[in-house]
Amino acid sequence: MNKENAIEVRNMYKHFTVEYDKANTLKERLIFWKRGNKDVKEVLKDISLDIKKGETVALIGTNGSGKSTLLKLMTKIIYPNKGTLETDGKLTSLLELGAGFHPDFTGRENIYFNASIFGLTHQEIDKRINDIIEFSELGENIDNPIRTYSSGMYMRLAFSVAINVDAEILLIDEILAVGDQHFQDKCFAKLEELKNSDKTIVIVTHSLDVVKKLCDRAIWIYKGEFRLDGDPTYVIDEYLKQVELDHQYDIKTAILEGRHKIKGVIYIDSPKNFSKLFKVEGNLAFHGWSIHNGYDIRLKIFLDNEPVENYSHNPRPDVYNAYAEDYAGFLNKDTIGWSFEMPYSELSLGKHIIKAQLVDKESNIIEEKESEFTIE
Ligand SMILES: Nc1ncnc2c1ncn2[C@@H]1O[C@H](COP(=O)(O)OP(=O)(O)OP(=O)(O)O)[C@@H](O)[C@H]1O
């Protein structure tokens, strides 16, 4: 293994054998003819890659492309069927968070138990237990059995242990699924800190924003095969082009088969955040965004039930990045946002309602949002 590398994968293949139940009777055998059969599912094919020590790398790809399997192989929970995968450095994985936790032990006891699995001595754990408890924000709950924890509390404890065990390589699956927004932001900041302290980090995530902000490199796995490796912005752009093509094909097929359900999301940014406004000189500005996955869908905006015709479309890269994968093929980077202005002089004192709708060509409402504000 090259000394510069933390992970080396060479011509690696992984398949799973899916076995169906055996049929007991002749009737069952006729009805469930697949039972007793075996299917071999090729999940990863001929993967070769190097991850250098100190790099932060993302594995990206659509659902089922094999990213999590690749991460599990790195963790050595499972092994390749062909080829090799080697690692150099103490490794911690945030894949099956809390897998080793015991429900009847308290949070504190589980910290000792779990951290010792990672090779820390009792004294070493003593030294960092306060950091772990503080990071988990569990407070007094740390001395309650973890069977009394909510899933969020459980995850917070598991994450806090995993990042405090001094590993050199961190393997992380969907960090942003941990806890609420505040805790996610904290996890993100902690990962940035770990990244800057020369740890090797490999993450699997659908959050392309996280990949752009955190990673030095992105590796794209497409249908179990290596597709592209390089600068995150470039790899993500190429990836989204492919997702768009695949998505459009799937949706065309679904429309033909009558299965396509149009969905949309609409948002009114302002004046939602200030429900009370004071009448001043000048203009009041309204902003929002809308996305959908249908053809011939129009945006309609109403102020006090009067249609607003003079709104304009503008880019919203934050919204685009968040929805590009799910709505691939239907999002236009430059027109997701909408905005318009209205002179205060045209607005009477009192309550007003702004409404935004997505409607199809038969005038069916796909999605609607309303926001109320008062002018004093
Ligand atoms: N233990 C297993 N037995 C059988 N099939 C499996 C097993 N683990 C994974 N698979 C299959 O392997 C394929 C790849 O799964 P994997 O979880 O690696 O994909 P992924 O890219 O991480 O997807 P997602 O983004 O949805 O998590 C899927 O078709 C999945 O059903």
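The shell around the ligand divides into 2 nonpolar, 8 polar and 2 charged residues (Ala, Val, Leu, Ile, Met, Phe, Trp, Tyr, Cys and Pro count as nonpolar, Asp, Glu, Lys and Arg as charged, and the others, Gly among them, as polar). Bear in mind that this is a predicted model, where local features need pLDDT of at least 70 and side-chain atom pairs count only at pLDDT 80 or more, while totals for chains, interfaces and linings use all residues. Residues are numbered from 1 along each chain, and side-chain values use heavy atoms, with hydrogens and water left out.

**Around the ligand**
- The shell (residues with a heavy atom within 4 Å of the ligand) includes Phe16, Lys41, Val43 and His206.
- H2 (67–75) and strand S2 (38–52) each bring at least two residues to it, and H2 gives the most, with 3; helices (H or I, at least four residues) and strands (E, at least two) are DSSP runs, numbered from the N terminus.

**Contacts with ligand oxygens**
- Asn63 has a polar side-chain atom 3.2 Å from a ligand oxygen.
- For Ser65, a polar backbone atom sits 3.1 Å from a ligand oxygen.
- Gly66 puts a backbone N or O atom 2.9 Å from a ligand oxygen.
- On its own the ligand exposes 640 Å², and the protein buries 63% of that (Shrake-Rupley method, 1.4 Å probe).

**Two helices that meet**
- The axes (lines fitted to C-alpha atoms over the stretch in contact, with angles from 0 to 180 degrees between N-to-C directions) of H4 (122–136) and H6 (181–196) come within 11 Å and cross at roughly 140°.
- Glu134, Phe135 and Ser136 of H4 meet Phe183, Lys186, Cys187 and Lys190 of H6, with contact meaning heavy atoms within 4.5 Å.

Methods: A polar contact is a pair of N or O atoms within 3.5 Å; within protein, one must be able to donate a hydrogen and the other to accept it, and residues adjacent in sequence count only if both atoms are side-chain atoms.
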